[in-house]
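Subject: A structure for you to look at

Hello,

Here is the structure I promised to pass on. Please open it first, then read my notes below.

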Amino acid sequence: ASDVYKRQMKYSFIILTLMFSLNIIYAQESQQIQVIDHTVNELARNLDNLTKIEAFKNDTLGFSYIYSNEEELKAIILQYNDLTTDTRKDVSWYFSNDGLIYSEQKWTNIYTSEILDHQKFYANQMKLVAWNKDGELKNKHSVEFQEMEIGLMKYAQDRVKSFNQKQSTSP
């Protein structure tokens, strides 16, 4: 009976340790998301203080604006009206230290305002920290998450590289 009790205590300890570790990981991820949200909110509130470049504007189709503090890309805000699917696509990317920290896409029906798709991406040091799709966190260990991370980070790197090249060639 003593060995059974010791084994049960050992397994109980292992289970409690795992639960505690998972809680710490979740708290760290949650804290990272809060810090990113705060940074993005600060950037969004101060877009008017940044240099705004009109990349695209059309009264029917929408617009795309690039925001920077002269040296560094800070945000790209896009609104596109896809008239073939009656979908308004609002997409934003926020950057810090030449890296993507947040992206959000919200697609709505142009006529009913029904939300068709809403995704938020949180990143730190070119790694996807969290992906919220329609209110649900995606599994960080899934193939889908990892493929999204690769595609999103490549897109972000391309945007930063393009911005930096234009900055270095401008007078």
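A salt bridge here is a side-chain nitrogen of Lys or Arg within 4 Å of a carboxyl oxygen of Asp or Glu.

A word on the basis. This is a predicted model, where local features need pLDDT of at least 70, side-chain atom pairs count only at pLDDT 80 or more, and totals for chains, interfaces and linings use all residues. Residues are numbered from 1 along each chain as its sequence is written, and side-chain values use heavy atoms, with hydrogens and water left out.

Are K89 and D82 buried or exposed? K89 counts as buried because its relative accessibility is 18%. D82 is buried too, at 10%. The cut-offs are these: buried is under 20% relative accessible area, exposed is over 50%, and partly exposed lies in between (1.4 Å probe, protein chains only).

The salt bridge count comes to 7. Another one joins K74 and E72, with the closest N and O atoms 3.3 Å apart. Both of these residues are buried. K138 and E144 form one as well, at 3.0 Å. K138 is partly exposed because its relative accessibility is 24%. E144, at 41%, is also partly exposed.

Now the strands. Helices (H or I, at least four residues) and strands (E, at least two) are DSSP runs, numbered from the N terminus. Two strands pair if DSSP finds at least two bridges between them. Strand 4 pairs with strand 3 in the antiparallel sense over 8 bridges. Q79 stands opposite D90 there. This hairpin has 4 residues between its strands, and D86 in the turn has a positive phi of about 55 degrees.

Strand 4 also pairs with strand 5 (residues 99–109), again antiparallel, over 10 bridges. Y94 stands opposite Y102. Here 2 residues lie between the strands, and N97 takes a positive phi near 50 degrees.

Which residue types line the largest pocket? The lining divides into 8 nonpolar, 3 polar and 2 charged residues. Nonpolar means Ala, Val, Leu, Ile, Met, Phe, Trp, Tyr, Cys and Pro; charged means Asp, Glu, Lys and Arg; the others, Gly among them, are polar.

Best wishes
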